[in-house]
Amino acid sequence: MPLDHRRLCGPEESQPPALWAGTAAEDDEDEEGTGAAPRDPCALRPLFARAGLLSQAQGSAYVELGSGTKVLCAAWGPREAAEPGPGRLLCEFRRAPFAGRGARGRPGAVAEREAEREAAAALREALEPAVRLGRYPRARLAVSALLLQDGGSALAAAVSAAALALADAGVEMYDLAVGCALCRPPAPAASWMLQPAEPEERRAAARLTLALLPALNQVSAVLGGGRGGPPEDWAQALRLGLDGCHRQYPVLRQSLLRASQRRDAAAAA
Amino acid sequence: MASVVLSEAEKLYIVHGVQEDLRVDGRGCEDYRCAEVETDVVSNTSGSARVKLGETDILVGIKAEMGTPKLEKPDEGYLEFFVDCSSNSPELEGRGGEELGIDIANTLYRVFSCENTVDLKSLCINPKEHCWVLYVDVLLLECGGNIFDAISIAVKAALFNTRIPKVRVLEDEEGTKEIELSDDPYDCIRLNVEEVPCIVTLSKIGYRHVVDATLQEEACSLASLLISVTSKGAITSMKKVGKGSLDPESIFEMMETGQRVGKSLHIALQKLLDEEESLGTSRPKVGFLG
């Protein structure tokens, strides 16, 4: 989004007031956290998925998680590429400037671009095993994900949305890639939680995002970091995440079916 | 990544060998190539290290400079990573090398993002005003496969070798800040690298996985798992790379192998670094390419 120079630009360095109001705000948050009933770590948040909503793109999908994460994804089918070789999948991940809970991220800032590039690379890692690139030689498939609101588990939601968008565009795929995120709170011997909300993710000691192809039971992406502990803990987290992905799969398939039914109805009318 | 072109017969040869736990150069699936680690190679840096792992050659230089702490963490210093891959091969010049460099830098950021890898509080001079920023610059001199492992070993060795001068910032009555450096050049802060993790790359070839893959083996493997392991055996980050997918059971097996291999790697590296440290100034210097 180009900068509009006619508006009054704020100072170069601006900080959110929340940083300075540190102690009072944190006390309130802690009270709320302990007051509310502790979350069931295996509970999946409600998921809303709809495919085929953008008229300009060949395939599109919108995924919303119960914690508030909203991702919109569009996919374009094979276009001819100049360089020879097997087909290529180009992924792009953008965050809206108002997406995060904290300060507004400046759209052109270097840190933003780096984070977006890393997320785009992770998205590509997750989708490449699912797409039959061998059927599209000398072609480019483009996927673009836009994060409208970050309520936690943003990358996982983006993976699911991107897979839905590709399927909606009619690209040949082995299976849908379903994304799931987990995090582990900093308390000692705490257990892993599925699909964390944004405050839980921010305070987490370790995070893990994974993408699964459920029908083939193959993991297409694993990305995690933090103080996780011995491999047994990470293995337990992986199993929980895989289970979460399997449970989300029917919802995504249903949304694809409905989208194709809508398209048929619109074509017949 | 620089890659070699292999024929189908060569790939089959490698895959079948790995099934029998026998790789092309005679190693087992969990053996590393012969590695050479040397620290304090560049004298203008605060710490440096050079690692040769088979054909892979990495040079890391660390410069400690004073800067302002980040807003969210006012009493800690921080590390900045920069990776340069352009001296490697023609296909890595320009855009290709830049993308690989950013990828490696992001991986290093993620590995070091865990709180207790490096004691960042010891890098603080005055909270909210001054802190030490360690600029870690990694140069990929030659890529012979398995660059992530070699880079993490080099970064750990360079951090062990880093000597940060002791500095005090005094404030006069008028408010001007004065930086006071101690006179003794050997009076410096050393970093504790016990919790610094090392990356172990496990590449899936056929039904088994191998540690420390050469370029040819990387061309046969469709998916690899990068795990960073601390000396105590805790895993601090995980990432899957490659175009293929992994079975969940293979991931569990790879994590176990990675932990085992990582622990023995840490023991060997620490022994070597301590030995080199004890030689002190009497260490024979041969010359850069010697």
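Helices (H or I, at least four residues) and strands (E, at least two) are DSSP runs, numbered from the N terminus. Welcome to a predicted model, in which local features need pLDDT of at least 70, side-chain atom pairs count only at pLDDT 80 or more, and totals for chains, interfaces and linings use all residues. Residues are numbered from 1 along each chain as its sequence is written, chains are lettered from A and ligands numbered from 1 in the order in which they are written, and side-chain values use heavy atoms, with hydrogens and water left out.

**View 1. A:Ser255 sits in helix α5 of chain A.** Is this serine buried or exposed? At 4% relative accessibility, A:Ser255 is buried; the word means under 20% relative accessible area, while exposed means over 50% and partly exposed is in between (1.4 Å probe, protein chains only). Setting aside neighbours within four places in sequence, A:Ser255 has contacts with A:Ala49, A:Arg50, A:Ala51 and A:Leu164, where contact means heavy atoms within 4.5 Å.

**View 2. Chain A has 5 helices and 9 strands.** Starting at the N terminus, the order of elements in chain A is α-β-β-β-β-α-β-α-β-β-α-β-β-α. Of the 269 residues in chain A, 45% are buried. Among contacts in chain A with a separation of 6 or more, 69% join residues 24 or more positions apart.

**View 3. Helices α2 and α3 of chain A cross.** Two packed helices are described by the angle between their axes and the distance between the axes. Here α2 (residues 110–127) and α3 (residues 154–168) of chain A have axes that come within 10 Å and cross at roughly 55°. Axes are lines fitted to C-alpha atoms, for helices over the stretch in contact, and angles run from 0 to 180 degrees between N-to-C directions. The two helices, α2(A) and α3(A), are therefore oblique to each other; angles under 35 degrees count as roughly parallel, over 145 as roughly antiparallel, 65 to 115 as roughly perpendicular and the rest as oblique. On the α2(A) side, the contact is made by A:Ala119, A:Ala122, A:Leu123, A:Ala126 and A:Leu127. On the α3(A) side, it is made by A:Leu155, A:Ala158, A:Val159, A:Ala162, A:Ala163 and A:Leu166. By class, this contact of α2(A) with α3(A) has 11 nonpolar, no polar and no charged residues. (Ala, Val, Leu, Ile, Met, Phe, Trp, Tyr, Cys and Pro count as nonpolar, Asp, Glu, Lys and Arg as charged, and the others, Gly among them, as polar.)

**View 4. Salt bridges in chain A include A:Arg184 with A:Asp233.** A salt bridge is a side-chain nitrogen of Lys or Arg within 4 Å of a carboxyl oxygen of Asp or Glu. For A:Arg184 and A:Asp233, the closest N and O atoms are 3.3 Å apart. This pair links distant parts of the chain, with A:Arg184 in strand β6 (residues 178–184) and A:Asp233 in helix α5 (residues 231–268), 49 residues apart. A:Arg184 is buried, at 11% relative accessible area. A:Glu64 also forms a salt bridge, with A:Lys70, the closest N and O atoms being 3.8 Å apart. A:Glu64 is partly exposed at 25%, and A:Lys70 is partly exposed at 22%.

**View 5. In chain B, B:Lys232 and B:Glu195 meet in a salt bridge.** Their N to O distance is 2.7 Å. B:Lys232 lies in the loop between β13 (223–229) and β14 (235–242) of chain B, and B:Glu195 in the loop between β10 (188–190) and β11 (198–205), so the pair ties together parts 37 residues apart in sequence. B:Lys232 is exposed at 53%, whereas B:Glu195 is partly exposed at 26%.
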